[in-house]
Amino acid sequence: RRMNQAAQRVSLDVWEDGKRTLNPLAGWSWSDIIAYADAKGVPVNEGHNFAYRAQAPIEATKRHLPNLPWEKVPLGKPFWQCTEKEIKGDPAAPITYVFKSFGD
């Protein structure tokens, strides 16, 4: 787990004794994670290689449902290696989503 994986996490210890849980990435930011993954050639979930373009917002609690009103666009590389134009398209989609997860 990382501290920035959930809005309610104000702090996260590397070791949680009560849970006997090790959180080795507790002090890592999203930028730290992607910099490491890129530098070391860490294989990443292929879901990171897509952008989802929509004309209107889709509630977070509904984004797992089938047949959503968005276009799944292959980027050919992880989204963090793309330009904003590559993610949003041309002309730019009003709403764009990416899959931002490492072990969530």
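**Figure 1. Strands that contribute to the lining of the largest pocket.** In this predicted model, strands β3 (50–54), β4 (70–74) and β5 (95–98) each supply at least two residues of the lining of the largest pocket. The residues that line this pocket are G47, F50, Y52, R63, W70, K72, Y97, V98, F99 and K100. By class, the lining comprises 6 nonpolar, 1 polar and 3 charged residues. The space within the largest pocket amounts to about 160 Å³.

**Figure 2. Overall arrangement of the protein chain.** The secondary structure of the chain consists of 2 helices and 5 strands. Along the sequence, these elements follow the pattern β-β-α-β-β-α-β. Of the 104 residues in the protein chain, 28% are buried.

**Figure 3. Contacts in space between residues separated in sequence.** T96 belongs to strand β5 and is partly exposed, with a relative accessibility of 21%. The C-alpha atoms of T96 and Q55 are 8.7 Å apart in space, while the two residues are 41 residues apart in sequence. A second pair is formed by K77 and F50, which are 27 residues apart in sequence and 8.1 Å apart from C-alpha to C-alpha. F50 is also one of the residues lining the largest pocket. K77 is placed in the loop between β4 and α2.

**Figure 4. The salt bridge between E86 and K77.** A search of the whole structure finds 4 salt bridges, and one of the pairs joins the side chains of E86 and K77, with an N to O distance of 3.5 Å. E86 has a relative accessibility of 34% and therefore counts as partly exposed. K77 is likewise partly exposed, with a relative accessible area of 27%. For both residues, the class follows because partly exposed denotes values between the limits for buried, under 20%, and exposed, over 50%.

**Figure 5. The salt bridge between E16 and K19.** In this pair, the closest N and O atoms of E16 and K19 are 3.9 Å apart. E16 counts as buried because its relative accessibility is 16%, whereas K19 is exposed, with a relative accessible area of 54%.

Figure 6. R20 is found in the loop between β1 and β2 (21–22). Its phi angle is near 55 degrees, a positive value in a residue other than glycine. Most residues other than glycine have a negative phi. R20 is exposed, with a relative accessible area of 63%.

**Figure 7. The nonpolar surface patch at V14, W15 and L22.** V14, W15 and L22 together make a nonpolar surface patch of about 300 Å². V14 lies in the segment before β1 (15–16). The relative accessible area of V14 is 45%, so this residue is partly exposed.

**Figure 8. The backbone at N67.** N67 is found in the loop between β3 and β4. The phi angle of N67 is near 60 degrees, which is positive although the residue is not glycine. With a relative accessibility of 79%, N67 counts as exposed.

Figure 9. The peptide bond from D90 to P91 is cis, with omega near 5 degrees. Most peptide bonds, by contrast, are trans. P91 is placed in the loop between α2 (84–88) and β5. D90 also takes part in a salt bridge with K85, in which the closest N and O atoms are 3.6 Å apart.

Note on methods. Residues numbered from 1 in each chain as written. Predicted model: local features only at pLDDT ≥ 70, side-chain atom pairs only at ≥ 80, totals over all residues. Heavy atoms only, no water. Patch = residues over 30% accessible without salt bridge, like charges linked within 9 Å, V, L, I, M, F, W, Y side chains within 5 Å. Areas by Shrake-Rupley, 256 points an atom, 1.4 Å probe, with all protein chains shown as cover. Helix = DSSP H or I, 4+ residues; strand = E, 2+ residues; numbered from the N terminus. Buried < 20%, exposed > 50% of the residue type's maximum accessible area, 1.4 Å probe, protein only. 1 Å grid on protein atoms, 1.4 Å probe; cavity = no way out; pocket = protein on both sides within 12 Å on 5 of 7 lines; lining within 4 Å. Points joined across faces, edges and corners; volume = space filled by probe spheres on them. Nonpolar A, V, L, I, M, F, W, Y, C, P; charged D, E, K, R; others polar.
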